[in-house]
Amino acid sequence: MAPSDFSKADIPSIVEKLTLEEAIDLIAGVGFWHTHGVERLGIPAVKVSDGPNGVRGNFFFMGTPAKCLPSATALGATWDTELINEVGAKLLAPEAKLRSASVLLAPTCNIQRNQSFESFSEDPYLSGLIAAAYVAGVQSKGIGTAIKHFATNDKENDRFAYDSIVSPRALREIYMMPFMLAEKFAKPWSYMTAYNRVNGTHLSENPLILKDVLRKEWGSDAMIMSDWFGVYSVAESINAGLDLEMPGTNKWRTWDKTFRSIGSRKTTARIVKERATKVLEFVQKCTQGAPDVLDGDGKERTLESEEDIALMRKVAAESIVLLKNDTGILPLKPTELKKVAILGGNAKAIPSYFVSPYDGIVNALGKDVQITFAEGARSFKTQPLLDYELVTENGERGWTGTWYRNGPDGLTAVGEPVKTQVIDETNSFISVDKPKELGDSSHFTLHLRGKLKPRPADTKFEFGLTVAGRANVSYSSLLTTWTRQRRGEAFFSSGTQEETGIVELKAGFAHDVHVHFVNVRGPADGDEDEQLMDSNPGVRLGGSPVVDADDDLAHAVQLAKEADVAIVVVGLNSDWESEGYDRTTLGLAGRTDELVAKVAAGELRRLSSSLSLCGSSITMPWADSVPSVVHSWYLGNSTGDAIADVLLGNVNPSGKLSLTFPKRLEDVPSYGHFHSEHGKVLYSEDLFVGYKHYHNIKIEPQWAFGHGLSYTSFEYSDLSVSKPKVLATDSGKDLSVTNTGAVSGTETVQLTQVPLALKAFKKVKDLQPGEARNVELPLDKYAVSYWEDRISAWTIDRGEYGVFVGSSSDNLPLKAALVLDKRDAFEWNGL
């Protein structure tokens, strides 16, 4: 019987045949990435895989190479639902199939309350429509999605425990609205609950959110799963409507615990079977959607076509935002340039990108333009990885890993090595992916040996070691975490802070590097527990030449003076933006701001352009000093090529900011009440999230939500408003957009209402010079409804609604009114 035969199964009949033990098995995962199968009844196990800007596959450690797409904030910045749908259908769904995965754990559509790269936007309407397009595209090809994290998962620190205190209206209109729109327009096959509490109750145990809203009010038939290790009870989560606990590792819903919960009448066998039924319905959707995945060999593969590369390059380029171009320095014209200086710590970023910004720009400028480079200011917090600096004895990239079982003390290797392999990464989150050859040995040793590529001159070199476990680096006695550690945020807060040490490298010599790692934590001040790292061991080794910061900065400024154009590539990286911890500043690292300011000073101002690479907003104290600013997010594999396309004008930029860039941290809406106080996070800004806050209290941001320039210009005119007889149908907003510049361009028309809130948008593509195009923006009941918590219903009141249309939240030249009379007013629930 093929696994896909379950597509024809009669679910009620299967449920009736389930034993209680089998039903309990079904409502929790197996291992890290699979649901539970029941061979006796032909129920297959389904594999899920993590997202959202790609498909990871089974392994954190030595995983199958995968496509890396732009970050969620970048996808949001396209403001292009058609393109995101295409990305889902043509890139993400096929990539999931290559990983033998039936479900992609994505998209993430939480609200940008703190600046985070993982969510689409600070606006619920934009977030919801982009999420719906993503879900619809992926599911159109038979791959399921798990939209996440439902809901108010808006920070990382203390993420398992903090309590989001949010008003009922803000909860509905801001934080649940993206999920509501995705349900209305795309119907995700599954939802993933958030780790945290909302108004006192964990989301995985929250019947109001899971049963009353999602199931009853929205009518969703989706399966509801937990985030990984986001279940904190047995009966409470089962009764609340959480269908599936993930992962199966260290789970709550064991046979013993669940059976005892039934025996004590905390829950019932009937409710357990209700949860199992939703899991079975979900499994059946997967067998119906992509039977080839279930019937395949389960192996993970990598495949990339020319069409894939072109689409990744397109979506990356269309997300790039031209923030400023005062002197028309952009687009660059290679025929008019002799020398270009590329500066900044992010220019040669590897290995996250297949094409770095430096390589993309150099390749596009061609051989006739001389390129100079200097870092100028370093952008890392932990030492850069050595993935491309280490080789094995045989000259292969990486180092050799030798694995041993440990003896009774848990720390000492015994016997012969059980496995030897080449490891091509120096940031190894081993997680649960330890070699099978270790058998049932829970404690292990890993020796990592490689040779550092020879240096052209004698060099002082600084190593940095971070572990979830304990380790020594043979090169320097400073690099040890064996007997005493400092707890840190690495490896999902299981790791140490980085320990560093400086050594002398002799020119022309390949120095040996050896790391001795054991998966048992060392003691730390205030935490003497030498805990076994059973599901999250990891080791990271980085390093870089020691440089004089003043000399490096002066060298970069000198190169800028000698060049026709200086491109300063600045930004953040995973040191500053990552899952597991919150950003503590909006500033750039180290002396980066000083670098930009000095390059842009005096006569240099006319020839400098700043290019920022980060997942969310940053402060730019130098913004008024530079003539051109381009924001390019994290763009994935096509980073360098997409950047070059925009800088040289092969692509006319059309991206619009998906979140506001403030002038200072203190201007952020959640400032002062973002962090947890005794476990509670007060959402004091209420409805005034993102741009609504800046507009309400009249604070001018650095760059407004929706802002984004083009190499051409546009004129808005002739706004008219029509109202249908019954508001339950769409009303219309018509206007004209004209390209008043000299080149073809694309503009995103944005419609807001008072109080300022985005209600409609449309990307008007490829307007030719002089072309005028009529644009229709349909509005539905969502546009004029608000949540009336006194009656627990959406409400439309009669009155005059101001309508504003323009190119960004701070540039709305057209104004009209939508007047609703008594006959238009009504209350509603559902979708």
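This is a predicted model: local features need pLDDT of at least 70, side-chain atom pairs count only at pLDDT 80 or more; totals for chains, interfaces and linings use all residues.

Me: How many cavities of 30 Å³ or more does the whole structure hold, and about how much space lies in the largest?

Reply: A search of the whole structure gives three such cavities.

Me: Which residues that line the largest cavity are the closest to its centre?

Reply: The lining has 21 residues. By class, four of them are nonpolar, ten polar and seven charged. The closest to the centre are Ser-116, Glu-118, Asp-154, Glu-156 and Asp-582.

Me: Is Leu-332 buried or exposed?

Reply: Leu-332 sits in the loop between strand S9 (321–325) and strand S10 (339–343). Beyond its neighbours within four places in sequence, Leu-332 contacts Leu-337, Val-565, Ile-567, Leu-647 and Leu-648. The cut-off for burial is under 20% relative accessible area. Because the relative accessibility of Leu-332 is 5%, this residue counts as buried.

Me: What distance separates the C-alpha atoms of Leu-332 and Cys-286?

Reply: Along the chain, Leu-332 and Cys-286 are 46 residues apart. Their C-alpha atoms are separated by 49 Å.

Me: Which residue caps the N-terminal end of H8?

Reply: Helix H8 covers residues 207–217, and its buried residues include Ile-209, Leu-210 and Val-213. At the N-terminal end, a side-chain oxygen lies 3.3 Å from the backbone nitrogen of Leu-208. The residue that supplies this oxygen and caps H8 is Asn-206.

Note on methods: Residues are numbered from 1 along each chain as its sequence is written. Side-chain values use heavy atoms; hydrogens and water are left out. On a 1 Å grid over the protein atoms alone, a cavity is a set of points where a 1.4 Å probe fits but cannot get out, and a pocket is an open set with protein on both sides within 12 Å along at least five of seven lines; lining residues have an atom within 4 Å of a point. Grid points are joined across faces, edges and corners, and a volume is the space filled by probe spheres set on the points. Ala, Val, Leu, Ile, Met, Phe, Trp, Tyr, Cys and Pro count as nonpolar, Asp, Glu, Lys and Arg as charged, and the others, Gly among them, as polar. Helices (H or I, at least four residues) and strands (E, at least two) are DSSP runs, numbered from the N terminus. Buried means under 20% relative accessible area, exposed over 50%, partly exposed in between (1.4 Å probe, protein chains only). Contact means heavy atoms within 4.5 Å. A polar contact is a pair of N or O atoms within 3.5 Å; within protein, one must be able to donate a hydrogen and the other to accept it, and residues adjacent in sequence count only if both atoms are side-chain atoms.
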